[in-house]
Amino acid sequence: MSQRSSVANGGVSKSTNRTLQDGGQEKQKKLLAADAGHFSMIKALHLADLITELNGFCGFMSILSSMRYCLGSPTSYGHIYIALAFIPFGLFFDFMDGKVARWRKKSSLMGQELDSLADLISFGVAPASAAFALGLRTTLDTLLLSFFVLCGLTRLARFNVTVSTLPKDATGKSKYFEGTPIPTSLCMVGAMAWCVSQGYVVGGKRGVVGGVMGGEDSWWGGVHPIVGVFVGWGCAMVSRTIHIPKP
């Protein structure tokens, strides 16, 4: 989760930074409010906003690749590897948009919202879609994966609301993340890539890690215990007691 809500520069005073931010934000508001044609919104986007869009693009391409894997043979892993590979690229763009915003000394309220929406796609919906494709497909599995996505949604909304109230360091940046940032779901993405390489997928030579509990013949199809990792990750994201220091 990049810092798009503030522009920090060690050689510029806080008051100057605030002036730069306010000026850029006011200009963007005027451009968005102006009735200047169907594509006038494009003029209001900063370079960092366009990079954020690439983060969302990677997340959506990951979701589509997971769908393609579901349509093919469960032992043909090309599409699922592509799905998992797109997510780290999303992290790269998530990292770069904040760098570019600070380099150009421009921030925007729209950029902050775009950042959260793109993060939800790339680090919330995309990993959950990959997990579904790999075998977490029972009714209870999907409900628990939905819980993970909704926790990510809630965590991002809370960040946008509380970022201005969190303790700041000398440069004006928040000292810590409240709850685990949603991009940490890449840890699970790495674990899923390992599972694919070892055949721990539905229809694979070893099946889903941990098997299924509750009976696959029941109306709800049982539940795969491994989905508990997503539940725990979701709880960590919305926690208010977990503070992750910022680098």
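Reader: Why does Gln112 count as buried?

Author: Happy to start there. This is a predicted model, and in it Gln112 has 11% relative accessibility. Buried means under 20% relative accessible area, so Gln112 counts as buried. Gln112 is found in helix H5.

Reader: What makes the pairing of the side chains of Gln112 and Asn160 a polar contact?

Author: The two side chains come to 3.2 Å. A polar contact asks for N or O atoms within 3.5 Å, one able to donate a hydrogen and the other to accept it. The value of 3.2 Å is within that limit, so the pair is listed as a polar contact.

Reader: Let's turn to Arg158. Is Arg158 buried or exposed, and how do you know?

Author: Arg158, which has its place in helix H6, has a relative accessible area of 15%. The cut-off for buried is under 20%, so Arg158 is buried.

Reader: Which backbone oxygen does the side chain of Arg158 reach at 2.8 Å?

Author: That of Val238. The backbone oxygen of Ser239 also lies 3.3 Å from a polar atom of the Arg158 side chain. Beyond residues up to four places away in sequence, Arg158 touches Glu178, Gly179, Met237, Val238, Ser239 and Arg240.

Reader: Why is the meeting of Glu178 and Arg158 called a salt bridge?

Author: Their side chains meet at 3.5 Å, N to O. A salt bridge needs a side-chain nitrogen of Lys or Arg within 4 Å of a carboxyl oxygen of Asp or Glu, so this pair qualifies. The pair links distant parts of the chain, with Glu178 in strand E1 and Arg158 in helix H6, 20 residues apart.

Reader: What makes Glu178 and Arg240 a salt bridge as well?

Author: The closest N and O atoms of Glu178 and Arg240 are 3.7 Å apart. The limit is again 4 Å, so the pair forms a salt bridge. Here too distant parts of the chain are linked: Glu178 in strand E1 and Arg240 in the loop between H8 and strand E2 (243-245), 62 residues apart.

Reader: How many salt bridges does the structure hold?

Author: Two. Arg158, Glu178 and Arg240 are linked in a network of salt bridges.

Reader: On to helix H8 (residues 228-238). Which of its residues are buried?

Author: They are Phe230, Gly234, Ala236 and Met237.

Reader: What do the buried residues of H8 pack against?

Author: Their partners are helix H5 (109-134), helix H6 (139-162), strand E1 (176-178) and helix H7 (186-198).

Reader: How do you know that His224 is buried?

Author: The relative accessible area of His224 is 9%. With the cut-off at under 20%, His224 is therefore buried. His224 lies in the loop between H7 and H8. Neighbours within four places in sequence aside, His224 is in contact with Gly135, Leu136, Thr138, Asp141, Val208, Gly211 and Val212. One of these contacts is Asp141, which is 83 residues from His224 in sequence and 6.7 Å away in space, C-alpha to C-alpha.

Reader: Why is Leu50 called partly exposed?

Author: Leu50 has a relative accessible area of 42%. Under 20% would be buried and over 50% exposed, with partly exposed in between, so Leu50 is partly exposed. Its place is in helix H3 (residues 47-71). Leu47, Leu50 and Trp103 make a nonpolar surface patch of about 330 Å².

Reader: Is Ala48 buried or exposed?

Author: Ala48, in helix H3, has a relative accessible area of 5%, so under the 20% cut-off Ala48 is buried. Ala48 and Trp103 are 55 residues apart in sequence and 9.7 Å apart in space, C-alpha to C-alpha.

Technical notes: Residues numbered from 1 in each chain as written. Predicted model: local features only at pLDDT ≥ 70, side-chain atom pairs only at ≥ 80, totals over all residues. Heavy atoms only, no water. Buried < 20%, exposed > 50% of the residue type's maximum accessible area, 1.4 Å probe, protein only. Helix = DSSP H or I, 4+ residues; strand = E, 2+ residues; numbered from the N terminus. Contact = heavy atoms within 4.5 Å. Patch = residues over 30% accessible without salt bridge, like charges linked within 9 Å, V, L, I, M, F, W, Y side chains within 5 Å. Areas by Shrake-Rupley, 256 points an atom, 1.4 Å probe, with all protein chains shown as cover.
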